[in-house]
Amino acid sequence: MTAKTDPSTGNADMRRRRRLLRRLRRVVRVIEEQHRIQDIGYGLLVAALAMASPSAAPYTGGDEAARRLDGEAEVLTQGLLYPLASGLLEVVDGIDGATAIRMLAALCLGAAFMLTLALLRGLGFRRTASLPATIAAFAVPYSWNGATSPIDYAPGMLGASLLLWSLFRQPQSSRRGYQWRAIICFGAAYMLHMELVLLIPATAWAVARHPDYQREAQVTALSVVAVLAMSISIGLAGPSESMRVDHLVTRVLAGANGPSPEAWLKWLIAAPIGFGASLFGIYQLILAQRSAEAQRAPVWIVAWCLPFLAPIVAGSPEFQPISPYLIPAGALGIAEWLNRQGSARLEARLGTGMVLAQIALTAAVLLLR
């Protein structure tokens, strides 16, 4: 004989499972909210440290917004930094243009730090990997000099972090939502720092590789390039178009002085010191050997990292810090390297050591400048 199942017992089990599932979802939401609050807290702390730090020595390029605010009307400015700083001067009394830019740079550094933490958390990294990786990457001399100087390097890190977060966040709530979000985030990033125009190929490649666009990948990539190029062309058009184009080239190529063996020798010292731990993260991201089970970064990350050679080939290290997009990518590479170590304890130990070494190096560089 076959025993009959009591329907009431089955319904009770079903209700119990639903209650447990609701409780689990509630716990996950609470933990996620706590992590968001922690990310915001860390970002505010980093911004406060940047504001409290002494101002770094100014660079030749990237300070046109501060000079324009201080009355040099002939200086050409593009992007969001000048109008944002102008609004800040109206709100805060007793500050000059350079101070206003520095305040915005510190806030942008904190926001970029927060977004990078959110990116790594969304990718599933443990806190023992994501936090030290982000601290080490953002503590490099280029990052800290940019955040404590009246230039737009820290806004560039914010724009790059926003774009990288968008490209790794593949779920979309509407058809073509991922593509248009990437285009909008790129537009904001470019307006924060013009050198990010070099990320057009990486953005188009990443969008084309989205799982929902595989059948029309080439058309998708061309459409992204066309929209971004057209938007930039419209922004450069006008009575002083040639001057704006020259200005863009100069900013993107760190002065655009042309190939120079002397500058290349200086870059051999400036780039490794300036990027420090971030450059180590880039190496781990695209070149380091992995086991067969380890997952590699998406191939478009190569197009994200390689453009940093452009200002090295054609520019000078005295012009400005370069390639703010390497900072969040470096944090991703460091977190990925720490994650490959296997245990949370080893992640925390190695991450702490890297953070202390990078902070010591940055402090020495700042003291020697």
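Guide: On a 1 Å grid over the protein atoms alone, a pocket is an open set of points with protein on both sides within 12 Å along at least five of seven lines, whereas a cavity is a set of points where a 1.4 Å probe fits but cannot get out; lining residues have an atom within 4 Å of a point. Grid points are joined across faces, edges and corners, and a volume is the space filled by probe spheres set on the points. This is a predicted model, in which local features need pLDDT of at least 70 and side-chain atom pairs count only at pLDDT 80 or more, while totals for chains, interfaces and linings use all residues. Residues are numbered from 1 along each chain as its sequence is written, and side-chain values use heavy atoms, with hydrogens and water left out.

Visitor: What volume does the largest pocket have, and which residues lie nearest its centre?

Guide: The largest pocket has a volume of about 510 Å³, and among its 20 lining residues Phe168, Gln295, Arg296, Ala297 and Pro298 lie nearest the centre. Two or more lining residues come from each of α7 (153-168) and α16 (326-339), where helices are DSSP runs of H or I with at least four residues, strands are runs of E with at least two, and both are numbered from the N terminus. The largest share, 3 residues, is that of α16. By class the lining has 12 nonpolar, 4 polar and 4 charged residues, with Ala, Val, Leu, Ile, Met, Phe, Trp, Tyr, Cys and Pro counted as nonpolar, Asp, Glu, Lys and Arg as charged, and the others, Gly among them, as polar.

Visitor: Which element gives the most to the lining of the second largest pocket?

Guide: That element is α4, with 6 residues, in a pocket of about 380 Å³. Of the 16 residues lining the second largest pocket, Ala118, Arg121, Gly122, Trp165 and Arg169 lie nearest its centre.

Visitor: At what angle do α13 and α16 pack?

Guide: Two packed helices are described by the angle between their axes and the distance between the axes. Axes are lines fitted to C-alpha atoms, for helices over the stretch in contact, and angles run from 0 to 180 degrees between N-to-C directions. Helix α13 (residues 277-286) packs with α16 at about 60°, the axes lying 7 Å apart. With contact meaning heavy atoms within 4.5 Å, the residues that meet include Phe280 and Ile282 in α13 and Leu332 and Trp337 in α16. The residues of this contact divide into 10 nonpolar, 5 polar and 1 charged.

Visitor: How many helices and strands does the chain have?

Guide: The chain has 17 helices and 0 strands, and its C-alpha trace spans about 95 × 50 × 45 Å along the principal axes.
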